[in-house]
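Dear colleague,

Please find below the structure I promised to hand over, together with its sequence. My notes on what was found in it follow directly after.

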Amino acid sequence: MNDMAVQASHLSKSFGPKRVIDDLSFEVSRGDVIGVLGKNGAGKTTLLELMLGFTPPSGGAVSVFGHASGQLPGGVKSRVGFVPQQDELLDQLSVADQLKVIASFYGAWDANLIERLCAEWRLDPKARIKSMSVGERQKLSILLAFGHRPDLLVLDEPVASLDPMARRQFLEQLVDASADGQRAIIFSSHIVSDIERLANRIWILKDGRLDWHGDLDSLKESVVRLHIRGVAQVLAGLSVPGALSQRHEGAFATVVVRDWTPARQHSIEESAAVEVEVESLGLEEIFLELHR
Amino acid sequence: MFVLKPQSGVPIYRQIRDQVRRLVASGQLAPGAELPSVRDLAVRHAVNPMTVSKAYSLLEAEGLLERNRGRPMTVASQARNSSHLSKRLQQVQPLVEQTVLAAKQLELSETDLLKSVRQNWENGDE
Amino acid sequence: MSTVARLVYSYFMCTPMTRALTLGGLALYVFSLYVMASWPQSEHMLAFAAAGQIALFLGSAMMPLMFGRIAQSKAMVLLPHGRLKLLFSALITVAIIAAPAGLVTPFAYVAGNSGKFSDLSKYPQLRDFTVNLGLVIYTSSCILAGWLYVAMWFLSSQRNMAGLAKGLLVIVFTLFLPAREIRELSGTIAWNLQALAVVWTIFGAGFLCWPRLRMVRAWWRLPDLLGTQTSARRTSGREVDLILGTRNPWLMIAALTLPLVIASRIGTGVPAVWLFFLTIFSTVTGAIAGQAAERSRALWLRRDWSRAEIFLQAERSFWRHNSVVLGVLLALMVMIGSYSGLPLNLLAAGIPLLVLGTVLSTYLGFMITRGIRWPEASLGIAIMLALMAIPLLLEAGNANLAVVCAIEGCLAVLAFILRSIARRRWEQIDWSQCRPAKVLSTRQA
């Protein structure tokens, strides 16, 4: 029984001369909730499409539940749910009909869940899709991926057009889906606070490479801001390995470092005779510092 | 019961862990009291259930919580007692550090600070 | 005024393709003058000018779409006198497009009568006459160009059957009525100018007042008689067709029938042109396959099909749809043709013509897996020209039958080649580079 939802080794993708994804290797286990962060154009959508076989890799390989993404058998496809950035709704249908059409492709469709969510998320089954707002369309797109209870759920900017209340409802539903620890969820978003709540692993995509891939908790413990107090001359010459940014004003210096361990605090204080106070950063700050 | 701030620099599992410790130490969570299930807590606060689970497991390892088959976690009956002095001091430690640092930055002496602490202690007793 | 100038410039020069077409068209016109001077009265004297005109028109083909997009944009509300400037830009574009035809007319006339260009300066009467002729041609071309732009706007901005029907209707009217006039050169400047004035006033007034007239829009939508709104009961078993857009062939048949009937009422007097129209309709039928690749994206994770199998299923789905439309078109052709007493050989030759039109455009559409680029565009133009040539050759005389058969044979072979190219492309399809175009949302949240 393969426990790996997704596995990639040395994955890369180029569009012509442009290298969008460069030598990525990662693993996604069942039970992981992975948040993918990156600037616009960093390759998030391409990465998600590579994983699911929508686009062939230029180099390396990626597999889903043990099968190569380009040749997924039907049994694996029915365990995958995907919410693309651009919805694929059929404008001339009603909500109920669109759901029925997609349901017909899957053997196991949880109609009760869908009915409950339609009511909770205020989607009128009789509404015509072409007259729905962008937020409603996005909610419906998300629903379409939930109905067959996939083991791997991949969402590309699923909440970009949702208001805060709708976003919270969606998050609660994702939490519920991941509660049994059997599902793997991968979602990319700009809304860092959502990722902060929900993800247990973070991928930070920068220039096509995974600048960070690991636990969110370790990330928060590893990228910190140091407030250093000491003699001005000492501070001026202070170099902290792994510093992302450094600011120095008289007797105070502020340094943001990555790869921090508590042991380093002691060693810095000893070697430079300074006082170090460690400030933990929120995910948004960490992201900004890593991209400075 | 809990106040969780996902945006804080402190990881969520640590926030839960610290808050449970405080609640048990102060007696607000009595031995045998039931904590919300992992799923309930996760959904209510919209946070990752694995994070909640991690916090609960760490607390179980510390001896603060007890796992019951088929029922949510409960506070261990030994909890209050095992929370002896050093552990309770550990809870206050970060606050003490912050206060001392602030005092030093403001160039207050140790005596000044202790005087202020004593004053606050006596005021709190009234 | 600089806004207007910049708008007009961008209509002609916005993409490399339109730039090439515009400049190429102008070059062809200039070259045609040279041809007329050196080889007057030659058969193909006007061919270069005609080619130049077509190229020039195609080069500005983005104008209706850009015009429509800008008109609908929020920026239009903020731009001072925005709608007025936009209207001017369209007027100027039409004026520019029609200009070369009018300018070249005096020279063409002189060359056609084996004169020399210098005659124009020598004989004032000749000059006056040809200038007058040039103005007639110019104003007629303005009218024609205006209507063609309207047709293009319907076709390119409303990506549905209603838009198709409107576009084809306009094309029918514009190409049949003025075509007759230009043949007989019966127009006068005064009449043309009046027509221009009336049309542009109505259009201009409507456009400028559009924001207030929006409620009237409702009636212009084709009624929902044909089940454009689909219910689940009717679609069960045909979900794949729904996703690919081939669910209901009767929609397309309805869109084609009205223009076809009108074309037949006014056009059967000119059998070649009428047959040419039918050919256009048959190629339009297949052209919806251009969306096949981008829509097939939705099938990848939902069906246990490999990319090769998706191609075969899509092909099957499109033929289920296209064969019905093609069948109706063929039946209409035979019925209307024999009712109007058209020669039998023309009808007989028309059958493979229509079939080829649909088959070729279907597979050309399937080949579009990475957007329309030079190879696909030039293939499309070449196929259209070849298909256009057949009715003309047939009308010219039975001696050309052999040539026609040869052309049709080559086209049939081409169809097989296009299919295998399409199939190979689909086996490697990269859906990252093949996304549905983002349609402007018609409803604000």
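**Sheets of chain A**

In chain A, four strands make up an open sheet with antiparallel pairing, in the order 2-1-4-5. Its edges are formed by strand 2 (18-29) and strand 5 (67-68) of chain A, each of which pairs on one side only. Please keep in mind while reading that this is a predicted model. At one end of this sheet, strand 4 (residues 59-64) of chain A and strand 5 of chain A are joined in the antiparallel sense over two bridges, and A:S63 stands opposite A:A68 in strand 5 of chain A.

A further open sheet of chain A is built from six strands in the order 6-7-8-3-9-10, and here the pairing is mixed. Strand 6 (80-83) and strand 10 (209-215) of chain A are the edge strands, each pairing on one side only, and neighbouring strands of this sheet are turned against each other by 15° on average, if direction is ignored. Within the sheet, strand 3 (residues 33-38) of chain A and strand 8 (residues 184-188) of chain A pair in the parallel sense over four bridges, with A:I34 opposite A:I186 in strand 8 of chain A. Helix 5 (residues 134-146) of chain A lies across strand 6 and strand 7 (152-156) of chain A, and the helix runs at about 175° to strand 6 of chain A.

**Chain A as a whole**

Chain A contains 11 helices and 14 strands, and its C-alpha trace spans about 70 × 40 × 40 Å along its principal axes. Of its 292 residues, 43% count as buried. Among the contacts in chain A with a separation of 6 or more, 69% are accounted for by residues 24 or more positions apart.

Six residues from domain 1 of chain A and five residues from domain 2 of chain A take part in the contact. On the side of domain 1 of chain A that touches domain 2 of chain A, the largest share, three residues, comes from helix 7 (residues 192-198) of chain A; by class, the residues of that side divide into four nonpolar, no polar and two charged.

**Chain B and its contact with chain A**

The contact between these chains takes 18 residues from chain B and 24 residues from chain A. On the side of chain B that touches chain A, the elements that give two or more residues are helix 2 (38-45) and helix 3 (49-62) of chain B, and helix 2 of chain B provides the largest share, four residues. The residues of this side of chain B divide into 12 nonpolar, five polar and one charged.

B:E66 stands opposite B:T74 in strand 2 of chain B, and in the hairpin, which has two residues between the strands, B:G70 takes a positive phi near 80°.

**Chain C**

Chain C is likewise assigned as domain 1 (2-215) and domain 2 (238-433), and their centres, taken over C-alpha atoms, lie 28 Å apart. Seven residues of domain 1 of chain C are in contact with 12 residues of domain 2 of chain C, and the residues on the side of domain 1 of chain C that touches domain 2 of chain C divide into seven nonpolar, no polar and no charged.

Helix 4 of chain C contributes C:M63, C:F67, C:I70 and C:A71 to the contact, while helix 6 of chain C contributes C:L86, C:A90 and C:T93. By class, this contact of helix 4 of chain C with helix 6 of chain C has six nonpolar, one polar and no charged residues.

With best regards

Definitions and conventions: Residues numbered from 1 in each chain as written. Chains lettered and ligands numbered in written order. Predicted model: local features only at pLDDT ≥ 70, side-chain atom pairs only at ≥ 80, totals over all residues. Contact = placed C-beta atoms within 7 Å. Nonpolar A, V, L, I, M, F, W, Y, C, P; charged D, E, K, R; others polar. Pairing = 2+ DSSP bridges. Domains from an automatic or database assignment. Axes fitted to C-alpha atoms, helices over the stretch in contact; angles between N-to-C directions. Buried ≥ 20, exposed ≤ 12 C-beta atoms within 10 Å, placed from the backbone.
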